[in-house]
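Have the sequence and the 3D view open side by side while you read. We'll go through the folded parts a piece at a time.

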Protein chains: 2
Amino acid sequence: MSSSKNYRWGVLGTGYAAREFTSGLQSLENATVTAVGSESSERASNFAKSHSIETSFGTYDEVIHSDSVDIVYVGTVAPLHRKLCLQAIEAGKPVLCEKPFAMSAAEASEIAALAKAKSVFCMEAMWSRFIPLMVDIRSRIRSGEIGEIVSVAADFGLRQTPLSNPRLFHPEQGGALRDLGVYPISLAVEYLGMPDDVRITCAFGQGGADVRAGGSLHYQTGAIATVMADISAATPTVATIIGTEGFIEIQSPMYRPTRAKITHTSIPGPATQSSKSRSGVSARVHHVASAVKRQLLKSGKSLAAGYRGNGYQYQAREVMECLDRGLTESSTMPLSQSIEILKVIDLGLLSKNKTPTDE
Amino acid sequence: MSSSKNYRWGVLGTGYAAREFTSGLQSLENATVTAVGSESSERASNFAKSHSIETSFGTYDEVIHSDSVDIVYVGTVAPLHRKLCLQAIEAGKPVLCEKPFAMSAAEASEIAALAKAKSVFCMEAMWSRFIPLMVDIRSRIRSGEIGEIVSVAADFGLRQTPLSNPRLFHPEQGGALRDLGVYPISLAVEYLGMPDDVRITCAFGQGGADVRAGGSLHYQTGAIATVMADISAATPTVATIIGTEGFIEIQSPMYRPTRAKITHTSIPGPATQSSKSRSGVSARVHHVASAVKRQLLKSGKSLAAGYRGNGYQYQAREVMECLDRGLTESSTMPLSQSIEILKVIDLGLLSKNKTPTDE
């Protein structure tokens, strides 16, 4: 299904996310960026020129209230998300807001409550969920291809320094958990829900940002997720979703993947007669390798799906399709999950194992 | 270095591990299995015949005290390890004991204390550490190829059932954490040491064994390890070791790998002038993808190393080389680490999130 109506977008912010999002959006036929706003008129004007946008404003407010804007994209630094989302919703404008959706679960709940009260559409810009390969994987998982999901593992790490990427090392605008950890945590929350116990610890740099954050999410069901985020050391940046009947390995980069491998396992038969006859009560040392043999792993099957442009437009298409249908939330990225993701992040940042580390 | 002296081994147990170990050992020129023992004379006799072993005994004790046995290999089920190790050490016989080394860290400490008091060699049969690829990886890590190790992630999961593998689902003889989790935990302990905090939870099956166990190990240094073990669902069974200057991805199966990929990262340069000029105090939205570009990841380099036979003999060679040199411990698999591995397992099995799960 593709949205047919034309939507006019207003972009808040002129940084990297805003640039990438605008480029992505311009690849869609039924979307136009009609205005961009920044706290600096000059930056807004420059951004408008380089992206062929009609209007630029030196305030965010003017974009939100512009008659030529149907949907607001919040692409500023995270500390401004709450205020700008609330303003847009108050103005009755649907909102797509960058991740981290807010600075805390409390802020996210406030945004979600107002969106509900005003019946205005609002969604976190978790673009990875709308990348074609992730849509394919979701469909396979929902149809039961790998059984019930029992475990998720994901990591995202970059080798950066405060000099190479000042924003990433800013304690409020960046940080490993909010900036990178949000992807692995989003994956865990999507497939396993809100964990009953969160054990994430952070290593903080001299500038105050968490430079490494990771740990595990535990569920009453027995499911377990492990997550890792690092802004000072590169990690494979892959993800694995494990089910009772198989598993899916998502190749790097897990936030915008094009390749994965799905492995189906069959139900192993009973222990063979010969191995049974060798086993006594106290000497049944069937070892793991024999188990491996009996497991009859089917070889993995490759999954591949490219994305158009830079991949940022798929989430925008979701927003417009939801609006076409009169929805106030996306079922693929509901606000309840944005709140849950931030609850996990909040708990991680509060972890007692706050230990300083050299950046 | 290869041991030149000929050593005569006595094997305790006739199950899978004993069979594989015996086969592996027979590929070494300076090792002979001279005796095998079991609680059943018949099983011992059959084992001796099928492996061309001179002598078989219907008790473990006779093997331990046999004049034709220089080294004792304990390959029985885990609940017997403590007793048999202590007996062998008391008899002055060097011991190689299967994993899990004992049923608890307390048992392991008791064994280690006696070995020290009697100056008798003792080592856990953590064969994976002696597989050629793992030796190569250890050497690269020690020489600083990927910098300081900050994170380890590893998993080992098999799709089995109580019917297909009764021993694996026995609460004392098997279990996910003791039987499979011991490998990922061993890797974490080798490269990061004893964690300051362990958060592992288990899902227990109807038969009482933990069928899934996983979580995270946290260190005061800021390092984090994640581990996963499952006897009811297959997992990729891979491992990743992350350093400040690169990372190593060990391909499946991580317990006996032949392939890995090492990726080196370079120190990224400062943010470019153009991106700096675009960034204001409140609008510095350099996003992660720009960071990725500046990260200049060097492409990964493949590491490959085969193993001879079934790979079980490398640990035996280590034992004999240690004995040649008059050592009472292996520096690659010291008893202190066997105790630490079991401390982690003990904490995992004690976890409060004990939730029943269908097998």
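UniProt positions are given here in the numbering used for this structure, feature names are shortened, and annotations may be inferred rather than shown by experiment. With that in mind, UniProt has an unreviewed entry, "domain: GFO/IDH/MocA-like oxidoreductase", for residues 136-249 of chain A.

## Ground rules

This is a predicted model, where local features need pLDDT of at least 70 and side-chain atom pairs count only at pLDDT 80 or more, while totals for chains, interfaces and linings use all residues. Residues are numbered from 1 along each chain as its sequence is written, chains are lettered from A and ligands numbered from 1 in the order in which they are written, and side-chain values use heavy atoms, leaving out hydrogens and water.

How is chain A divided into domains? Domain 1 covers 7-126, and domain 2 is made of 132-268 + 294-306 + 344-350; such bounds come from an automatic or database domain assignment. The C-alpha centres of the two domains in chain A lie 27 Å apart. Their contact (heavy atoms within 4.5 Å) takes 10 residues from domain 1 and seven residues from domain 2 of chain A.

## The sheet in chain A

Strands of a sheet pair through backbone hydrogen bonds, either parallel or antiparallel. Chain A has an open sheet of six strands in the order 3-2-1-4-5-6, paired in parallel. (Two strands pair if DSSP finds at least two bridges between them.) Strand 3 (55-57) and strand 6 (122-124) of chain A are at the edges with a single partner strand each, so one side of each has no neighbour in the sheet. From one strand to the next, the twist averages 25°.

Zoom in on strand 4 (residues 71-74) and strand 5 (residues 95-97) of chain A: they pair in the parallel sense over three bridges. One of the bridge partners is A:C97 in strand 5, which goes with A:V74.

## Sheet and helices in chain B

Chain B has an open sheet of six strands too, in the order 3-2-1-4-5-6 with parallel pairing. In chain B, strand 1 (residues 7-12) and strand 2 (residues 31-37) run parallel and are joined by six bridges. B:L12 stands opposite B:G37 in strand 2 of chain B.

Now find helix 4 (residues 81-90) and helix 5 (residues 105-118) of chain B, whose axes come within 10 Å and cross at roughly 5°. (Axes are lines fitted to C-alpha atoms, for helices over the stretch in contact, and angles run from 0 to 180 degrees between N-to-C directions.) That makes the two helices of chain B roughly parallel, a label for angles under 35 degrees; over 145 is roughly antiparallel, 65 to 115 roughly perpendicular and the rest oblique.

## Antiparallel pairs in chain B

Further along chain B, strand 12 (residues 246-250) and strand 13 (residues 259-264) pair in the antiparallel sense over five bridges. B:F247 has B:T263 in strand 13 as its bridge partner. Strand 13 of chain B also pairs with strand 14 (residues 301-304), antiparallel over four bridges.
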